[in-house]
Amino acid sequence: RWVISLRNEASWRWLAGICPRETGDTPPLFTNRTNSSEPVPKFLRRQKAKMERLEVKLAFKGRSIKLSDIMSSTTAGELQERVLLELGLSGESVTLKILHKGRVIGGQSGPDEVAFPGAVVAKGKPVKIVAMVSDHSEVRDLNSGRSDPLLRGFEEEKKREQQQEKASYWGPNSGQDRHFKFVRFEECSRQSFGHRAGSKTPHAFRAAEVLERLATDPGIVAIMKERELVVNTLGEMDPIDDRLMQKKAEEGACLLGYNTNHGLRIDVKLRTDDLEGFLPYESLAATVIHELSHNWVGDHNALFWTNYGQMRAEYFHRHATLASSGYYVNGRTTADLAGVADICCDGMTSIAKYVLAEVKQEAAQHGVPLELVGPAVLQRCRELTSQSAGTENGRKLGGDASGEGGARDMRDTRGLALAAAERRMKEEKEKQRKKS
């Protein structure tokens with residue numbers, strides 16, 4: 001014996017052509033088969049499956065809602081209306097998507113599609129669906145709003161990397177050396193500036209560009225490669241909340257950068273005191289070279305200023321030789337881009353004169369006379385001049401024409417010059433001790 005119970009209007013739909021609801025009559029299809037031992041026809045089994053009740057659980061914003069009166073024959077449109085009613089939402093103000101096993105219900109065939117086609121429900125396991133609601137007003141505000149220029153998508157980031165590889169600030173193929181370089185850059189965010197940051201304060205992206213420009217400067221690249229230097233981090237010094245800078249300011253000095261653990265990290269003050277711009281590039285490059293010199297010597301003694309003077313000579317020499325070899329970037333030489341074109345105009349003559357004057361002024365603040373530093377700096381200038389004179393035609397000047405052996409000789413000569421400077425410093429101290 002079998003009995004099919006008709007409890008709501010939806011259950012009558014499959015019988016619309018057999019027994020209209022208005023008649024109120026019991027379908028003869030059932031009365032004739034009561035107490036019958038004959039098997040149920042396939043047609044009736046299919047209609048019975050359509051009326052099977054499902055236990056559905058709806059997940060929405062962390063809540064779990066149990067939906068009743070959901071049949072196996074319920075369409076996607078009917079399910080959406082049921083979910084909207086349960087959530088108290090209107091279909092005119094929101095867009096609803098219902099997901100079941102990773103599939104959007106009604107996404108392909110439309111609202112007339114059966115919500116759960118061929119659903120097989122195990123005992124005690126309800127059908128789980130997820131509701132995703134988008135408010136129309138929020139969507140309009142998002143689409144009409146201006147995209148944040150400070151955020152880049154993956155495609156834009158990829159294009160940016162490709163453009164940087166093709167052409168950097170210093171021209172194509174002018175990046176850092178593969179082995180001797182600054183490994184990473186670290187700029188200060190706007191939050192580091194506190195209440196002093198204003199609308200004219202350059203964004204951290206601009207600071208990152210300045211750090212990259214310093215690291216790929218041909219003069220600094222030449223210094224890093226010549227001395228086989230690797231610095232883990234080149235960072236921006238916090239222009240406000242920096243205790244060391246405040247301590248130096250109390251002592252009457254101006255801190256422009258510092259070297260941590262002999263080259264583990266170098267921080268440079270990039271911004272002006274009013275935070276409305278960056279310091280001149282030529283002074284930033286000088287600060288980086290100054291801090292690189294601290295990789296060997298921590299104190300500001302004669303050995304330090306000798307090494308610093310030699311590195312400054314190498315920096316200017318690299319830009320001067322690139323200019324004389326006809327290397328231009330958008331119609332400008334690298335010396336012009338670095339702001340040192342006037343210093344490199346007469347070659348090594350003007351370079352040596354400028355470096356000696358610079359070292360004399362800065363070393364005097366630490367009680368180191370130029371007589372202890374000048375000879376070694378001039379010796380390095382002569383080495384660079386002879387090195388350029390031996391370069392073959394058609395090659396960029398400033399390269400090493402003698403190969404690895406020649407480079408080793410240059411380093412040995414520079415080491416001897418540094419040793420001589422240290423010896424002169426000791427002799428000077430001994431003379432002052434005897435006088436006292």
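A charge is said to sit over a ring if NZ of Lys or CZ of Arg is within 6 Å of the ring centre and within 35 degrees of the ring normal. Arg-213 lies in this way over the face of Tyr-281, at 4.0 Å from the ring centre. The model is predicted: local features need pLDDT of at least 70, side-chain atom pairs count only at pLDDT 80 or more, and totals for chains, interfaces and linings use all residues. Residues are numbered from 1 along each chain as its sequence is written, and side-chain values use heavy atoms, with hydrogens and water left out.

Tyr-281 also belongs to a cluster, in which ring pairs link it with Tyr-169 and Trp-170. Rings of Phe, Tyr and Trp (its six-membered ring) pair if their centres lie within 6.5 Å; planes under 30 degrees apart count as stacked, over 60 as edge-to-face and the rest as tilted. The structure holds seven aromatic pairs. One of them joins Tyr-169 and Trp-170 edge-to-face, at 5.0 Å centre to centre and with 85° between the planes. Tyr-169 is partly exposed because its relative accessibility is 39%, whereas Trp-170, at 0%, is buried (buried means under 20% relative accessible area, exposed over 50%, partly exposed in between, with a 1.4 Å probe and protein chains only).

Phe-316 and Tyr-354 form another edge-to-face pair, 5.5 Å centre to centre with 90° between the planes. Phe-316 lies in helix α10 (residues 302-324) and Tyr-354 in helix α12 (residues 348-364), so this pair ties together parts that are 38 residues apart in sequence. Helices (H or I, at least four residues) are DSSP runs, numbered from the N terminus. Phe-316 counts as buried because its relative accessibility is 0%, while Tyr-354, at 35%, counts as partly exposed.

Note on methods:
Helix = DSSP H or I, 4+ residues; strand = E, 2+ residues; numbered from the N terminus.
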